[in-house]
Each structure stands twice: as C-alpha cells, then as structure tokens.
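Okay, everyone, thanks for coming. Let me put the structure up, and then I'll walk you through how the parts touch.

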Amino acid sequence: MTATTGSPVSVDGPHTSAPTFGGLLRAETRRLLARRFTRVTVALALVGYLITVALIWHNHHRVSAHDLAQATVQRDQVIAEITRSIEQDCQQAPSTEPGPVDCGTPPSAEEFPIEQFLRYRPLSPGQLDDYALAVGVATAMLAFLLAGTFIGAEWSTKNLVAWLFWEPRRLRVMAAKLVVLLGCVLAFALLAQAVWLGTGKLLLHYRGLPVSTLGPKAAHFWTHLMQAQLRAALLSLVTALLGFGLASLMRNSAAALGVAFVYFAVVENVVRGLNPNLQPYLITTNIAAWVAEHGITVYGKLAYDPQQGYFTPRPIHISNLHGAVVMLLFAAVVTGAALAVFRRRDLS
Amino acid sequence: MPIVEIRGAHKTYRRWRKPPEHAVRDLDLDVDAGGVFGFLGPNGSGKTTTIRLLLGLVRADAGSMRLLGEPVPARLPQVIGRIGALVETPLFFPNFTGRRNLALLADASAIPSRRVEELLDFVGLAGRAGDRVKGYSLGMKQRLGIAAALLKNPELLILDEPGNGLDAAGIKEVRELIVRLGASGVTVLLSSHQLSEVQQVCDRVAIMSRGRVIRSGSVAALLAAGTTGDVRVRLADPPAGRAVLERAGFTVSALPDAWRVSGVSDPAAVTRALSDAGHYLTELSPISADLESVFLQLTADADQPQDVRTPQAGQPAPAGPPR
C-alpha cells in the first residue's frame, strides 16, 4: 500500500448520510447499464432483430400499382365465377321444401386476401401485428433474463450485503432495484416496439401492400397496431417481476431460470392435460389472453351441449382484463414473497 | 459514552434438521470512542455474528445494542453514514473495475468522484483501478474493501479480519494504516485472530469464546494479568546451574541461549539457591506473557465445562494461574 502523505481520512472531515432514494436509483441505473450481461444481451437482441428484418425484406417483394390492379381484377373475376356457379347450382337443385331455395351467401372480397393473386408475396399490413407480438415476446424473455441476473448476480457476489452497509433499510434497497429494473425494461420494450413501428412502416412502403388493401379495417389499423404493441410491451414488466422475484427467492439466477423452465415446460402442460378447466389460471394462457386483441377462447373439459345433443369441450373465454389480473397476481405473489423473505432473512 | 454498546445480546441460528447453534450468548461489550479496539476469539466464537448483529445483517433474539449512541437496528439508518465496515471477504462486482465498484457506492451517497481517486491512491490501487476486480489478488480486494469502508469518512470503522489473504508486507501495510486511522481519531473495531498484529495495533481488546466476552480491557492490563511467573536465567556454567535449580525444586526448560525457570513465585528464591551453591547469575529477567499466550490460556479455560464468569466490560480480569 503506497499511502500518500495527506490522509483522506479525518474525523473532522465531512461525513456522509445514508443514501437518498434518488442516490440509490442513480447507482442502480449506472450498474444495470454498465453490466456486461445487459450490453451483450441487448447487442444480441439487436443483431437478431436486424437479421429478422433482413429476412422479411428478402422474402417479400414490392408490388406496383399495376400488379395490384391486375390482382384485384383477378380476385373479382374469381368471386364473380364462384357467385355465378352457386346461382347455377341453386337453380338446378331440386326443391324438396316449399318456398325459395337457400343457396348460401356469395363470397366477399375480404375472404380472398389480395396477396393470393400476386405473383410475388408482399408484406401484408396484418402481419405487422404478428411481428409486434414476436417483438413483445422477445423483449419479455429478455426482461426475465435481465431481471433474474440483475438480482441473482448480487446474491452470488453477496454485493447485496455490501449495499446494506450503506443503506440498512432492506426494502428501500430492493425498491430502488425494482424501480430501476422496471423502468429500464419498460423503456426498452417501448423503444423496441417504436422501432418496429418505424421499421414496419418502411417495410410496408418498400416491400408490402398499402394499408388501404385491408378495406374497412384500414381506418383503425394503426390505432389497433399500437394498442397491440403497448400490450406486448407491458408484458415485459410482468416477466421482469417474475424473474426478479424468483432469482431473489432462490438467491441464484440459474436456479430461477431452472424453476421457470420446469414451470412453463412441465407444470403448465401437466395441469393443462389433467384439468383443462384450470387453463384460465395458467400464466402462458393469460399472457396469450392479454396480448390478443379481444382475449382468447380456450376449451375446457367435455360438457353436454343440449343444442347439439352431444358432448363438446366447454369453451372458456379469457378477456384481456382477466389475463392482466392473473399475470399481475402471479408476479405480485412471487415478488412479494421475495421481498418478505429478504426483509427478515439473516444475511451472511 | 461508548461508541459501541451491547447488552445481553443473544443469537441462535436455527436451521432445518440441524441442532440450534448458539452463536452469541448474553454478550456484553463496550467500545469507547477513539483508538483501535481488538475483538479476538477463535473461529466460531461469535465475532462475526456480533458484527453482523451491529450492522443489522442478522437479527438478535434478545438484548440491546447501540452504535454511536443510537439504538440499533432501529436507528441504524441514522448513523450508518458515520460507520464504515469490511466484514470478512470484501464484496464487489467481479466484472466491474475497482474504480467503478467504488464509484457506484459513491454515487449512491453523492460522494464526489475525487474522493474515490483519493482513496484508491491511499490504499495503493491507483495503478490498477481500471482493472476488473476478478483479476485482483485477495490482498488487492482487501485493500479495495478498506477503501470502500473509508469512502464515508467514518467515525467508526469495523474491520473483520482485514489481514485475510495478505502477505507479510500487506499485513504490515494494513497494520500501519490501522494505526494511522486510530491516531487520526477514527475508532477502529478490529476483529482478528492474528494476535501478534492485534497486540501491535490495539490499545484495548475483548476476547470472545463460545459466544461470550470472557475478558476485556486494555492490552497492558490483560498482559499483566496473564504474567507467566517464569524467569529467564543465564549462568556462567549452565549445566551445573540447571542441576542446582532442579534440586531446589524448580522446573527448568531450555531457551535458545538460557534456561526458563517456571513456577517462580519469588525471583529471590532463584538467586538464593544458585548463590548458596556457588553459582552466579549473568541474567535474571521475568518472561512476560504475550497476547497469544493470554488468549490461548483464556480460551482454553473457557472451553472447560465450568461456569464462565464474564467480567464487567472494561475491567481487567483477575490473574489466572501461572502456567
């Protein structure tokens, strides 16, 4: 130790007080952003994103107005032929019952997506929704990993104990970590969706169909897309809470990942197989219900249908709200348990 | 007023399918402000648990504690800014540099980055501050840990085994640092099992065994209480002198260049026995106890199945039997 002549330690010097919550937030933010794991995973996610965009670009082709007009004519011809064929069949069919014969309704243009009549497959506006969901799932998984390793690394290095030499109020220390983590995860998820929105617009412009080809749905297309993106982005908050809570309870990132894998890959499938009526209480089902525009319908155990006269799987509709509430309950229970245990746990 | 005050602290670790472990039992301890206070005890005696109790890392089952006059853990947040601590292994993020690790702590308490640089220089890590901590030797991590503990410019510095992993030169440097800190007015609570180091830097000590403080007081008083009663004797004719002493009933053993005569209640009895036989001394000096022998004697006594009386903190204990 090559101590300098002037000692930086003096009882007469200024003493510090316990860190403010803002100070803790500042330090945690710096740590999260400086972590190698954060940087590497974000970089890998960016590479994955660029590869996906490149593949979308490569697999879709620009459509000229002429191609589109030609395809529209073809589609209209097909619809007209089908309609004519239905009418002919209907006139030739022997009437067994009194009154006019019901030949069904002729097909509409919405039932024949325009891209089916194009030689090269363009990107359809409706696909932006699916890709937004994929971006949301990817950021949610990333959020789980980031959250789990963020607190797991502190347990494995025992650095959490070092923080308590500075701020002994344990819940305050954890709250600062959670606020920073959730803030950064949400910002990242929103940024990812914003980037996809911009990329999607460009892809549609250069490799896709105009939104107007959606017909009556075109008017609310962008609003619906952004709502779906927001739901997908908010999913990251739930997975971050689950990752943080599990890693904190297990005091280890790898253990948290293992538990998550066993739960999602084994437990949920076993429950789904044994008692399908429990699906509304499974995390993955509720994630799907949350991100889908009007929720989802799953099928429970067989039940007698008096109208059909036989047993059919009972349909169970799970709304967006139900999905959100159940997901948040799971996240709150895991995180709450982690905080409660940490508050009382003896630390060595 | 004591800067550290513990009364009747009790901590039992209860683990599933294992017998309860009484880490600290009815512990009383006072540490007055200023100087270096040594906290000694064999492994598992409860030193680290006591420090963890003070810092709120483990919960006491019973008893009361005060740090800097405030009851802890209730008011620990109010005084933590005046306390620096290094408990066992220094805790850092291995993939961050030494500088970044300190900067994170400094950031939280709005400590200027200039102070980080000062302390890195102070502990001799300025040249390696940009390296990742995982590449540091244990000694370097210890020094970084001391720098982290000093960041707050503490009034009370708690160091738990700061010499762990340090080579002889490192131990000497840490010893000099602790002496300087003690002299500067910082109260240092030094937990260690390196007794020779403690003897050199501490002015007061407490000795723990089996979760209790079995002795506490000034180092000088402890050493005086632990006087061996042995004397060192040098003679012109050592073999003949030894025979005379043994005939007189003394126990004689060899030292490198003299005899050690044990069980001497009055040194005059030695001179008398030798002069009566026509032998004359070239040296007669008492062999004083060192902290290690006092420590070993006290902890051995405490391990005996007897009711150990804990003396009042700060009071020297009555002298034990000469060995």
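So, 36 residues of chain A are in contact with 45 residues of chain B, where contact means C-beta atoms, placed from the backbone, within 7 Å. Keep in mind that this is a predicted model: local features need pLDDT of at least 70, side-chain atom pairs count only at pLDDT 80 or more, and totals for chains, interfaces and linings use all residues. Residues are numbered from 1 along each chain as its sequence is written, with chains lettered from A and ligands numbered from 1 in the order in which they are written.

On the chain A side of that contact, helix 1 (21–34) and helix 5 (159–164) each supply at least two residues. Helix 1 of chain A gives the largest share, seven residues. Helices here are DSSP runs of H or I with at least four residues, strands are E runs of at least two, and both are numbered from the N terminus. By class, the chain A side has 18 nonpolar, eleven polar and seven charged residues. For the classes, Ala, Val, Leu, Ile, Met, Phe, Trp, Tyr, Cys and Pro are nonpolar, Asp, Glu, Lys and Arg are charged, and the others, Gly among them, are polar.

Now, staying in chain A, a helix pair. The axes of helix 4 (residues 125–157) and helix 8 (residues 253–274) of chain A come within 8 Å and cross at roughly 145 degrees; axes are lines fitted to C-alpha atoms, for helices over the stretch in contact, with angles from 0 to 180 degrees between N-to-C directions. Helix 4 of chain A brings residues including F144(A) and G152(A), which meet a set in helix 8 of chain A that includes A256(A) and L257(A). The residues of this contact split into five nonpolar, four polar and no charged.

Over to chain B and its sheet. Six strands form an open sheet in the order 6-7-8-3-9-10, with mixed pairing; strands pair if DSSP finds at least two bridges between them. Which strands sit at the edges? Strand 6 (83–86) and strand 10 (212–218) of chain B, each pairing on one side only. From one strand to the next, the twist averages 15 degrees. Strand 6 of chain B runs parallel to strand 7 (residues 156–160) of chain B, and four bridges join them. In that pair, A85(B) stands opposite I158(B). Helix 5 (residues 138–150) of chain B packs on the sheet, touching strands 6 and 7 of chain B.

Notes: Contact = placed C-beta atoms within 7 Å.
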